[in-house]
Amino acid sequence: AEACVEFIESVAAIRIIGMMGGWLVYSDEGQVGQINEGELVLKQTQPASELTAPLERRPPYPGAKPALVVDHPHLNDAGWLRSVLKLTTDALRPAS
């Protein structure tokens with residue numbers, strides 16, 4: 001799990017905060033996902049949907065909305081991950 005955290009921090013301007021046995025992933029002060037048991041799970045957004053189409057969708061915990069489970073091939077692709085994180089961040093940013 002710590003290797004996942006280190007890689008994500010190296011790919012994008014991300015802040016990761018440890019919480020309840022996992023990590024919350026923030027970008028531009030908005031939560032874009034979380035890391036639980038070594039899995040990166042991202043919020044679903046329309047702008048990133050084409051890039052994230054092959055990913056499994058499931059709730060990260062009981063009662064949560066389905067989210068995108070980033071598999072190892074995608075997790076190790078820095079360009080893909082950077083693009084998805086940017087699209088997700090932009091989509092979740094409040095309108096000014």
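**Entry 1: the sheet**

In which sense do β2 and β3 pair, and over how many bridges? I looked this up in the model, which is a predicted one. β2 and β3 run antiparallel to each other, and their pairing covers 5 bridges. I also checked a facing pair: Trp 23 stands opposite Ile 35 in β3.

Next I followed the strands across. The sheet is open, has 6 strands, and its order reads β1-β2-β3-β4-β6-β5, with antiparallel pairing. Which strands stand at the edges? I found β1 (15–19) and β5 there, and each has a single partner strand, so one side of each is left without a neighbour in the sheet.

I then turned to α4. This helix packs on the sheet and touches β2, β3, β4 and β6. Its direction makes about 135° with that of β3.

**Entry 2: the nonpolar core**

I reminded myself that nonpolar side chains tend to be buried together in soluble globular proteins. How many residues does the largest nonpolar core have here? I read off 16 residues. Those with the most contacts inside this core are Val 25, Leu 40, Leu 42, Val 70, Trp 80, Leu 81 and Leu 85. The elements giving two or more residues to the core are β3, β4, β6 (67–70) and α4. The largest share, 4 residues, comes from α4.

Leaving aside neighbours within four places in sequence, its contacts include Ile 14, Ile 16, Val 32, Ile 35 and Leu 40. Arg 15 and Gln 34 are also among the contacts of Val 25.

**Entry 3: the salt bridges**

I count 5 salt bridges in the structure, and I went through some of them.

The side chains of Asp 28 and Arg 93 meet in a salt bridge at 2.2 Å, N to O. This pair links distant parts of the chain, 65 residues apart: Asp 28 is in the loop between β2 (22–27) and β3 (30–36), and Arg 93 is in the segment after α4 (78–92). Is Asp 28 buried or exposed? Its relative accessibility is 53%, so I put Asp 28 down as exposed. Arg 93, at 39%, counts as partly exposed.

Glu 39 and Arg 58 form another salt bridge, with their closest N and O atoms 2.8 Å apart. Glu 39 lies in strand β4 (residues 39–42) and Arg 58 in strand β5 (residues 56–58), so the pair ties together parts that are 19 residues apart in sequence. Glu 39 is partly exposed, with a relative accessible area of 29%, and Arg 58 is partly exposed at 27%.

Lys 86 pairs with Asp 90 in a salt bridge, the closest N and O atoms being 2.7 Å apart. These two residues are 4 apart in helix α4, so about one helical turn separates Lys 86 from Asp 90. Lys 86 has a relative accessible area of 52% and is therefore exposed. Asp 90 is partly exposed, at 33%.

Which residues are linked with Asp 28 in a network of salt bridges? I found Lys 86, Asp 90 and Arg 93.

Conventions
Residues numbered from 1 in each chain as written. Predicted model: local features only at pLDDT ≥ 70, side-chain atom pairs only at ≥ 80, totals over all residues. Heavy atoms only, no water. Salt bridge = Lys/Arg side-chain N within 4 Å of Asp/Glu carboxyl O. Buried < 20%, exposed > 50% of the residue type's maximum accessible area, 1.4 Å probe, protein only. Core = buried A, V, L, I, M, F, W, Y, C linked by side-chain atoms within 4.5 Å. Contact = heavy atoms within 4.5 Å. Pairing = 2+ DSSP bridges. Axes fitted to C-alpha atoms, helices over the stretch in contact; angles between N-to-C directions.
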